[in-house]
Amino acid sequence: MNIMSENPLVSIITPVYNVERYLSKCIESILNQTYANFELLLINDGSEDSSGYVCDTYASKDVRIKVFHQKNAGVSFARNVGLGAVKGDWVTFVDADDWIEPFFLEEFLKAVTEKDIDMVVYASYFDCKEQFTKRKYVLASDAINNLLSFRGFPTSLCLTMYSKKIIKDNCLSLEIHHWEDFEFQYRMLLNTVKVGVILRPAYHYLMREGSATHSEINSKIMSCMKIPQIVQLSGGITKMQSYNIYAYFIFQCMIAYCKSHNPHSIYRSNIIHYIKVGMKSIIFSDIMKKRYKVTLIAFSKFPNLVYKALGQKYRK
């Protein structure tokens with residue numbers, strides 16, 4: 001099946017919130033795509049800077065751009081607004097402070113060569129050391145194993161293109177505000193048979209202060225502890241995968257706590273609770289290194305001591 005000859009419409013969803021410094025570069029990178037049959041949905045999520053004006057200005061010059069203005073409701077809600085409005089045969093996401101290479105969409109569509117391919121991913125973010133073009137195809141079951149074992153399968157929606165067939169009627173959970181892509185990616189993999197993987201990087205990810213990766217511990221970061229239960233309820237995961245997911249996310253929460261300056265005691269109590277409840281998962285996880293297991297167990301008994309020790313590494 002030659003998808004390129006059918007000239008499918010690709011929908012690109014971009015949530016926008018207070019990114020006036022980066023937004024033009026992002027939009028320009030999308031407009032400069034070698035594959036031109038796309039629609040760009042800009043979801044202005046209650047920006048307090050000039051981001052909304054930038055969106056409207058670009059939309060007035062290019063009919064492929066549609067702008068939605070709403071009160072601030074968070075990135076997942078904004079993405080869901082976009083999902084509810086897409087017209088394309090394929091759907092992907094680009095964050096407003098990132099940018100993409102000109103061949104980003106074209107390589108996605110070149111990878112769609114079989115009827116069973118409803119999902120295509122870029123294997124990694126941009127790395128100037130890898131400039132070759134190479135693709136492979138993996139069974140969704142293998143991709144799920146790698147995802148749930150945190151072994152290289154990309155979790156980011158921004159590295160993925162989905163057929164409208166599998167993304168239809170699906171939306172991001174509004175209960176999860178950190179690692180929300182992980183749970184969504186898992187659900188999408190359950191709906192497909194085979195996944196295309198592009199080894200040529202094309203997406204530039206901007207790591208900036210204020211992002212969830214750099215944020216101090218808060219309720220949004222703690223919400224990732226809902227992921228193990230949600231994934232487990234979806235069915236089809238092994239006991240070891242369940243252990244690994246739980247151990248991984250409680251470790252992320254503990255590290256976020258130790259990176260924080262003057263964190264609220266409620267988060268310390270919550271993390272200790274999760275460690276004690278999930279002690280079996282931590283001990284038996286086959287992806288967590290022994291020293292990380294020891295650190296989690298030590299935190300449950302001596303949280304102030306671990307906070308102080310790790311603070312020398314993480315807090316400046």
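Predicted model: local features only at pLDDT ≥ 70, side-chain atom pairs only at ≥ 80, totals over all residues.
**View 1. E107 meets R135 in a salt bridge, 3.2 Å from N to O.** A salt bridge here is a side-chain nitrogen of Lys or Arg within 4 Å of a carboxyl oxygen of Asp or Glu. This pair links distant parts of the chain, with E107 in helix α5 (residues 104–110) and R135 in strand β7 (residues 135–139), 28 residues apart. Helices (H or I, at least four residues) and strands (E, at least two) are DSSP runs, numbered from the N terminus. R135 is partly exposed, at 34% relative accessible area, but E107 is buried, at 3%. Buried means under 20% relative accessible area, exposed over 50%, and partly exposed in between (1.4 Å probe, protein chains only).

**View 2. E107 also forms a salt bridge with R200, the closest N and O atoms being 3.6 Å apart.** R200 sits in the loop between β9 (194–198) and β10 (203–204) and E107 in helix α5, so the pair ties together parts 93 residues apart in sequence. Both E107 and R200 are buried.

**View 3. R64 pairs with D62 in a salt bridge, their closest N and O atoms 2.9 Å apart.** D62 counts as buried, at 15% relative accessibility, while R64 is partly exposed, at 22%.

Key:
Residues numbered from 1 in each chain as written. Heavy atoms only, no water.
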